[in-house]
Amino acid sequence: MKTFGFQWHVTSNCNIRCRHCYQNDFTDKEDLDTRTIGRIVDTLGSTLQDRLISVNLTGGEPFLRNDFFDILEMLSGRKNVQELYIITNGTVIDQKVIDRLKVCEKLEGIKISLEGSTPEINARIRNNETFQDVLVTVERLMAHSLPVLLMFTLGSYNYQDVLGMLELAKRLQVSGAILERFIPLGRGAGMADQYLKNTEWLKIITNCINFLDLGISPYDFLTYRALWVDFKDEISVRGAQCNLGDESMALMPNGDVYPCRRLPVVIGNVVRDDFQAILDRLRAYRAAFDRTLNGLCADCVVTGCIGCRALVYAMTGDIRSGDPQCYRDLL
């Protein structure tokens with residue numbers, strides 16, 4: 001059975017103003033009410049009844065919604081919802097939140113964002129207090145046997161600390177570390193020059209290969225847009241490829257559907273539009289890039305790779321441009 005995985009931004013409300021944030025608005029003015037969210041859960045569950053569903057709930061800061069656990073319960077109650085993850089900044093998780101998280105059977109991981117392995121590096125993007133708050137939260141969650149992952153967004157501002165990030169995650173004995181790439185959107189557009197250059201992304205890949213002693217070439221990671229380093233058993237790494245198409249989406253607080261959170265192109269709205277029609281549009285949107293790309297991506301020999309459409313769109317406004325992050329020609 002196929003899996004449909006999506007990221008649901010249940011609110012834009014947030015208590016932190018990170019410099020690299022994809023948002024411009026940090027209020028709850030576009031948040032859908034609980035009843036509407038319930039209808040969406042039912043629609044997704046029934047339309048995707050032949051698939052397993054994996055959901056990443058996030059915001060903004062998702063725990064700022066008063067009905068967050070109602071949403072969690074509604075999703076948990078759907079038979080084809082296989083797994084739930086929560087992406088959070090980790091600063092508003094108290095004991096009451098922990099007690100309610102402990103009884104969520106389908107919760108597979110709490111992804112807590114940091115921007116470096118030290119308070120100083122983290123403070124380039126967030127305030128100094130955030131780093132220590134997050135470490136305290138991690139310890140409290142793990143003391144209750146809740147699965148924690150650290151999530152780092154990498155740019156020119158912190159990529160040289162990637163080994164420090166992995167060492168921090170290993171030392172804290174969390175389940176894993178996720179390495180994402182900075183895309184200059186929203187508030188983050190003000191630091192567009194800090195996107196990862198191809199030489200920097202190659203350095204990250206090389207450092208991860210060496211850290212994990214994989215004994216393979218960076219060429220094997222060429223199509224990956226993010227890395228998930230697993231510390232649960234033997235240390236291993238999973239690469240996330242571009243997932244544009246009808247097996248993924250980003251669902252925004254007002255019901256808008258993007259093909260990817262980093263690609264703010266509205267494909268439809270789950271409140272107003274038929275969801276099967278949205279899936280069809282997602283499939284057609286991905287297919288339209290085949291054999292229509294320019295620059296470096298026009299002569300790509302890697303099967304199925306279309307580069308990162310989100311990055312080129314953010315940097316150039318031309319969604320079919322060559323991917324400036326691709327390190328193929330550096331190998």
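**Ground rules.** I am working on a predicted model, where local features need pLDDT of at least 70, side-chain atom pairs count only at pLDDT 80 or more, and totals for chains, interfaces and linings use all residues. Residues are numbered from 1 along each chain as its sequence is written, and side-chain values use heavy atoms, with hydrogens and water left out.

**Cavities.** I searched the whole structure and found 3 cavities of 30 Å³ or more. A cavity here is a set of points on a 1 Å grid over the protein atoms alone where a 1.4 Å probe fits but cannot get out, and lining residues have an atom within 4 Å of a point. Grid points are joined across faces, edges and corners, and the volume is the space filled by probe spheres set on the points.

I noted that the lining of the largest cavity includes C297, C300, C305 and C326. By class I get 8 nonpolar, 1 polar and 3 charged residues there; Ala, Val, Leu, Ile, Met, Phe, Trp, Tyr, Cys and Pro count as nonpolar, Asp, Glu, Lys and Arg as charged, and the others, Gly among them, as polar.

The second largest cavity comes out at about 60 Å³. I see W201, L222, R225, D323, Q325, C326 and Y327 lining it, that is, 4 nonpolar, 1 polar and 2 charged residues.

**Sheet.** Next I traced an open, mixed sheet of 11 strands, ordered β8-β7-β6-β5-β4-β3-β2-β1-β9-β10-β11. Strands are DSSP runs of E, at least two residues, helices are runs of H or I, at least four, and both are numbered from the N terminus; two strands pair if DSSP finds at least two bridges between them. β8 (236-241) and β11 (268-269) are the edge strands with a single partner each, so one side of each has no neighbour in the sheet.

**Helices.** I then checked how α1 (residues 34-47) sits, and it packs on the sheet, touching β1, β2 and β9. The axes of α1 and α8 (residues 275-287) come within 10 Å and cross at roughly 65°. Axes are lines fitted to C-alpha atoms, for helices over the stretch in contact, with angles from 0 to 180 degrees between N-to-C directions. T43, L44 and T47 in α1 meet F275, Q276 and L279 in α8, contact meaning heavy atoms within 4.5 Å.

How values were computed. On a 1 Å grid over the protein atoms alone, a cavity is a set of points where a 1.4 Å probe fits but cannot get out, and a pocket is an open set with protein on both sides within 12 Å along at least five of seven lines; lining residues have an atom within 4 Å of a point.
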